[in-house]
Amino acid sequence: LTMFLYTHAAIWDQDQSKWPRSIHCTGKLFIDAEKMNPRLALCMSLAGAIKNYSADGVRMALADAGDTQDDANFVTDNANGMVPKLTTFIDFVENRQKSLPTLRTGELNLFDRMMMNTLNSTITEADNFYRTMKFRAALNAVFFELQAEFSQYERLCANDGPHRDVMAK
C-alpha cells in the first residue's frame with residue numbers, strides 16, 4: 001500500500017487531486033461464496049481471471065463483489081455475464097449517438113424533464129459513490145438502473161420519440 005501511495009505521489013507530484021483519498025482493503029476474497037483456498041484449488045490469479053472473463057468482465061464483477069466491511073464475493077456467473085451486458089450497452093449508446101440528428105428538438109416535455117432530472121441526480125449520486133468508494137452502488141446506479149430508466153423513457157416517448165438533448169446528455 002505504501003508503494004501505491006508513493007507511485008501516485010511520484011507520477012502526479014504537481015496534481016494532488018489524482019492522489020488517493022482513501023484505501024479500502026478487504027480481509028478475504030470469496031469466489032462464488034467459497035473462501036479462496038489454494039490447497040483446495042479454489043484460487044484465481046488476476047491473469048487467469050482476465051483470461052477467463054476479460055478485463056472488463058473482471059472489473060465489473062469486482063465492482064459488484066462488494067464494497068462494505070464484509071468480505072468481497074467474486075461471482076463467476078457475474079463475470080461471465082458482464083461482457084454481453086457491456087456489449088449490449090455499448091451498442092445501445094452507439095445507436096443512440098448515430099440517431100441524434102434525427103431525434104426530436106424544441107421544448108422539453110414532461111418525460112424529457114423527468115429524464116433530465118434522473119440523469120442529473122444519477123451523476124451526483126455516482127460522484128458521491130465513487131468518492132466514498134462504494135463501487136457496487138455506483139455500478140448499480142449508473143449501469144443497471146440508468147439503463148432501465150432510459151428504456152422507460154423511450155417507452156414513454158414512443159409517440160414523439162426521445163428528445164435530442166436528453167439522449168445527448
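Arg59 is found in helix H3, where helices (H or I, at least four residues) and strands (E, at least two) are DSSP runs numbered from the N terminus. At 53% relative accessibility, Arg59 counts as exposed; buried means under 20% relative accessible area, exposed over 50%, and partly exposed in between, with a 1.4 Å probe and protein chains only. This is a predicted model, in which local features need pLDDT of at least 70 and side-chain atom pairs count only at pLDDT 80 or more, while totals for chains, interfaces and linings use all residues. Residues are numbered from 1 along each chain as its sequence is written, and side-chain values use heavy atoms, with hydrogens and water left out.

**Surface positions and separations**

- Arg59 and Asn120 are 61 residues apart in sequence, and their C-alpha atoms are 25 Å apart in space.
- Gln16 is found in the loop between helix H1 (2-11) and S1, and Gln16 counts as exposed at 56% relative accessibility.
- From Gln16 to Lys51 the sequence separation is 35 residues, and the C-alpha to C-alpha distance is 34 Å.
- Glu94 lies in helix H4 and is partly exposed, with a relative accessible area of 42%.
- Glu94 and Arg155 are 61 residues apart in sequence and 19 Å apart in space, C-alpha to C-alpha.
- Asn140, in helix H6, counts as partly exposed at 27% relative accessibility.
- A distance of 22 Å separates the C-alpha atoms of Asn140 and Asp112, which are 28 residues apart along the chain.

**Open sheet**

- An open sheet of 3 strands has the order S2-S1-S3, with mixed pairing; two strands pair if DSSP finds at least two bridges between them.
- The edge strands are S2 (34-35) and S3 (72-74), each of which pairs on one side only.
- Strand S1 (residues 29-31) is joined to S2 by 2 bridges, and these strands run antiparallel.
- Opposite Ile31 stands Glu34 in S2.

**Helix H6**

- H6 has 22 residues and reaches 30 Å from its first C-alpha to its last, close to the 32 Å expected at 1.5 Å a residue; the expected span is 1.5 Å times one less than the number of residues.
- A kink of about 35° in H6 is centred on Glu145, the bend at a residue being the angle between axes fitted to the seven residues ending there and the seven starting there.
- The buried residues of H6 are Ala138, Leu139, Ala141, Phe143, Leu146, Phe150 and Tyr153.

**Second largest pocket**

- The second largest pocket has a volume of about 310 Å³.
- On a 1 Å grid over the protein atoms alone, a cavity is a set of points where a 1.4 Å probe fits but cannot get out, and a pocket is an open set with protein on both sides within 12 Å along at least five of seven lines; lining residues have an atom within 4 Å of a point.
- Grid points are joined across faces, edges and corners, and a volume is the space filled by probe spheres set on the points.
- The second largest pocket is lined by 16 residues, of which Phe89, Val93, Leu146, Phe150 and Lys169 are the closest to its centre.
- Two or more lining residues of the second largest pocket come from each of helix H4 (76-99), helix H5 (110-131), helix H6 (135-156) and helix H7 (164-168).
- H4 gives the most to the lining of this pocket, with 5 residues.
- The lining of the second largest pocket divides into 11 nonpolar, 3 polar and 2 charged residues; Ala, Val, Leu, Ile, Met, Phe, Trp, Tyr, Cys and Pro count as nonpolar, Asp, Glu, Lys and Arg as charged, and the others, Gly among them, as polar.

- Ser54 is placed in the loop between helix H2 (46-53) and helix H3 (55-65).
- Phi of Ser54 is near 80°, a positive value in a residue other than glycine.
- Ser54 is partly exposed, with a relative accessible area of 26%.
- Met133, in the loop between H5 and H6, has a positive phi of about 60° although it is not a glycine.
- Met133 counts as buried at 18% relative accessibility.
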